[in-house]
Amino acid sequence: MSKRKILVTSALPYANGSIHLGHLVEYIQTDIWVRFQKMRGHTVYYVCADDTHGTPIMLRAEKEGITPEALIARVHSEHLGDFNGFHIQFDNYYSTHSAETRHFSEDIYAKLKTAGLITVRSIEQLYDPVKNMFLPDRFVKGECPKCSAKDQYGDSCEVCGAAYTPTELKNPYSAVSGAKPISKFSEHYFFNLSDSRCVDFLRHWACEGDHLQPEAANKMREWVGEAGENKLSDWDISRDAPYFGFEIPDVPGKYFYVWLDAPVGYMGSFKNLCEREKIQFDEFWQPQSDAELYHFIGKDILYFHALFWPAMLQNAKYRTPTKIFAHGFLTVNGEKMSKSRGTFITAESYLRQGLNPEWLRYYYAAKLNSTLEDIDLNLEDFVARVNSDLVGKFINIASRCAGFISKRFAGRLVDGAQYHVLQKMVNEHFATWRPAVIEQAFEAREFSAAIRQIMKFADEANEMIHELAPWEIAKNPDRTDDLQRTCSLGIQLFYLLSRYLKPILPGTVQQIEAFLNCAPLTWPQLNDDQTVSDLLLPAGHIINIYQHLMTRIDSKQIEALTAANTQSLAPVTQNTPVRHAEKQQHAIVPIAETISIDDFSKIDLRIAKIVNAEHVPGAEKLLKLTLDIGSEQRMVFAGIKSAYDPEQLKGRLTVMVANLAPRQMKFGLSEGMVLAAGGGNSGELFILSPDTGAQPGMRVK
RNA sequence: GGCGAAUUAGCUCAGUGGUUAGAGCAGCGGAAUCAUAAUCCGUUGGUCCGGGGUUCAAAUCCCUGAUUCGCCA
């Protein structure tokens, strides 16, 4: 097989928070794939970095009273410690706040500018005169210009679904200070993604090429549109000071938007590695490069990696990625990770609780495939699966055979004629143990399929040992050859399984290498004219005394882990990975501006009994409620379908706004509003209930 | 609101038009006692989300409803 040159990246974690089990899906997936390729003898470099720029970093450093540089240095060492703990083996783990990343950001920008793909436009943006900063869309709230719903974000209305710009909001206010924003113009720099050079390229590259998974390519077709359609907008790549990032050359006070330099960080990190290890950078990044470039990412950042990034590279005369591998999100026990449930588990806490990182690597591998599907970490299943597969099936093979070899044969596996008998047995009974199927599964990132296959082999090994029953043979002093051969067979099978599992269990296999007294395991490779027995340890090989290689998980350890991660504070469910400024800011819901008691008393709140609740055909969010408020009945459409089943609402008491102007909705007239907590990005909703004794119609003050 | 994906045994998942729908785990019954209780044999268990359609044949294709998740920069 010819030797490949491969550069692999994982997405850059934001230097604003800890690594958690959700992040680790990606790093473990990438690391397994990289280790597999390295074991096969290819030249592989795996680089990553902290993503260090943007408003949240700036604000957090400000809050901690330190410089952004000090903050990102601290987080960098935390992240690196976490990754080492999970055996994620980067060839370089760097930072986007680096000379190299600055160089390539400026270089790409300059080339795009020369190509006429950068436009400057004056943008009218809302500005917080108290905080002295421009307000991102989600930092402005006000009334929807279409339906007048109150407290809507600056980009879209959650009530009627209208999309608009913040300047169209009625009665806007700053979500930072509460001040009334003023409109201010500012010059912004745009990358002309709508230019035909980008659109035509992307339609070919992202939609038709073999660079994306089928589901992702579908998404691209939706985003890019058909030929003739012009669906892509230019991309705003600048931000006004104050901002932590790279200042745009010759444009004082303007900075590159963090998402411009984040992917450039891949190049920066690799360049840094090249300098250190004398690798030819251009061999990997020049347009005609024969090296392969793969980006492992979460599906949430597909847009940036499959559109902006290739378009930037193409037009700046660099090579484009060979493939983008997007994966799904992690859920824990079938739900989003939650701090209140203790399932928002940080990498650091997992390790600190003494849990074995190899367990998680194995479990993720057993769940991962090449699609964008989410994967679920079911904690009970995690315990059962690791204990059963890894300890019960795999490790046990070594454990049950090694004793005889040590005690009766001084650690020596069979040789001579007996070795030939062993080879023959292997080729007869284990002819299916050839690497091809597993190798294809690893290459295609179908790790769950690889594991199914490997565990099937492990089952076969245990069955064979059971059938040969070395403990019976041992009773017969005339059968020492049989005993040695049988136990050697078990050890040989264990050796081969270890080779297959090494990309997934690098730490355990390192111990296995010591136990088996052999060189670092390589990937089993067979030509057509070779047989499985060619993959075994040599005749007469001597192994060391077996020491336990892996313990079982005690479910108490899992309980301790979730307990350690449970925050009794506000039951905030964590969103899917938040990467940057805008997203980061969604979660913050500041206290609204002060009102007088007169303002409040205008609202007539009444206890209402839900006498009927039903689904509304065609409505995704609404339930139709019939409310009894003593004097009359009201029909109300409430956007609580996501949180409540109609049946569980019937008969309940709640609180409604009784003097709200009726509103005509698509499905009928809504005569009021029920009160519910939540409704933010978490999607959680809790309708209010009065204490026992309240009667329909009572006023709430 | 628009678009997309998913829903298969108690749990986690295979299975993209062709026997009677499978595996691992859990459960149940048995065997074994080499192994830090790890193994082996047998076995219970399914309205393939609901409804309709296409077909000689549907978990699989189409329509529709429910639920869940995601994207709409």
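A: The sulfur of Cys274 is 16 Å from the closest cysteine sulfur, which belongs to Cys48, and this is too far for a bond. A disulfide is counted here as a pair of cysteine sulfur atoms within 2.5 Å, and by this rule the count comes to zero. The model is predicted: local features need pLDDT of at least 70, side-chain atom pairs count only at pLDDT 80 or more, and totals for chains, interfaces and linings use all residues. Residues are numbered from 1 along each chain as its sequence is written, chains are lettered from A and ligands numbered from 1 in the order in which they are written, and side-chain values use heavy atoms, with hydrogens and water left out.

Cys274 has 3% relative accessibility and therefore counts as buried (under 20% relative accessible area; exposed is over 50%, partly exposed in between; 1.4 Å probe, protein chains only). Cys198, at 0%, is likewise buried. Cys198 is also one of the residues in contact (heavy atoms within 4.5 Å) with Phe191, leaving aside neighbours within four places in sequence. Other contacts of Phe191 on that basis include Leu112, Trp235, Phe308 and Met312.

Of its 189 residues, Phe191, Phe270, Trp285 and Tyr364 touch the most other members. Helix H12 supplies the largest share of this core, 14 residues; helices (H or I, at least four residues) and strands (E, at least two) are DSSP runs, numbered from the N terminus. Another core, of 15 residues, lies apart and includes Ile640 and Val674.

H12 (379–409) is also among the elements that cover the buried residues of helix H18, as are H1 (21–39), H11 (357–367) and H17 (480–501). Eight of the 11 residues of H18 (506–516) are buried, so this helix is largely enclosed by the rest of the structure.

Ile6 has Glu292 as its bridge partner, while Ile297 stands opposite Ala326.

Technical notes
Core = buried A, V, L, I, M, F, W, Y, C linked by side-chain atoms within 4.5 Å. Pairing = 2+ DSSP bridges.
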